[in-house]
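Hi everyone, thanks for coming along. I'd like to walk you through one protein today, so let me put it up on the screen.

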Amino acid sequence: MQNSTIISITQQTPDIRIFRIKTDQPFEFIAGQFAVFEMGGVKRAYTIASAPNPDYLEFIIVLVPGGALTTQLWKLGVGDRLAVTPKAFGHITIEKIPKDSPILMLATGTGIAMMRSMIQAGAHRDRKVVLVSGARFAADLGYRDEFDNINNENFTAIQLASREEYKGKQGRITLAFEDPDLSKLLPALDPSTGLNIVMCGGPDMIDALVDKFTALGFTTNENLHFEKY
């Protein structure tokens, strides 16, 4: 049953759009969780990119060539209706991280939605947060201007494009830890400091860094949290 209305669409690139959706009934979730869309009998999960609020849910979505749901979604406009399951899902939430723990956030592609929701919910209000996000091209970096313009001494954003420079930086997230200039901006990778690491993105990035962090003493589901898409 259609229970939600598209209230705005922002075109980031031809293949990336930001949708704001108003549900008919209040939609409760914790920053970091995802919702499930259903169109034409097809269900897909999308991480919510906004902080909990009564006015809208926001999603950053990539058009999948031939995708069963996104090809339908790209045909819709403002005012059109769609179905969103009335319950949020996902175990990686801002509430799982101790309030005094610094956070290293790592995201590729639309994995940035999880981090943006947590930041919008005030993850950096009383602790240090370093965000490292990556995409192939600068235009594909989700919310790049927003993160560049956060003026808070607790927050650092490192945004990387692997195929071109963005503000003098270029490379993959997995190589950022080997770059002397970038590594200076990162927190000490030491679990004894209370650091929590949150990752969301492609499996290659996640797998490579899980091995790296566990070798340094981080523990999955304790101070190392990740979700692949």
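Before I point at anything, one term: when I call a residue buried, I mean that under 20% of its relative accessible area is left, counting a 1.4 Å probe and protein chains only. And please keep in mind that this is a predicted model.

Let's start with helix α2, which runs over residues 112–120. How many of its nine residues are buried? Eight of them are, so to speak, under cover, and the helix as a whole is mostly covered. Here is the list: I112, A113, M114, M115, R116, S117, M118 and I119. You'll notice that R116 is on that list of buried residues.

Now let's zoom out. The protein has six helices and eleven strands. Across its 229 residues, 48% count as buried. Along the principal axes, the C-alpha atoms fill a box of roughly 50 × 35 × 30 Å.

What about contacts? Taking those between residues at least 6 apart in sequence, 67% join residues at least 24 apart.

The accessible surface is about 11,100 Å², and carbon and sulfur atoms account for 49% of that. As for charges, there are 23 positive and 26 negative ones, and their mean positions lie 4 Å apart.

Methods:
Residues numbered from 1 in each chain as written. Predicted model: local features only at pLDDT ≥ 70, side-chain atom pairs only at ≥ 80, totals over all residues. Heavy atoms only, no water. Helix = DSSP H or I, 4+ residues; strand = E, 2+ residues; numbered from the N terminus. Buried < 20%, exposed > 50% of the residue type's maximum accessible area, 1.4 Å probe, protein only. Contact = heavy atoms within 4.5 Å. Areas by Shrake-Rupley, 256 points an atom, 1.4 Å probe, with all protein chains shown as cover. Lys, Arg positive; Asp, Glu negative; His and termini not counted. Charge placed at Lys NZ, Arg CZ, Asp CG, Glu CD.
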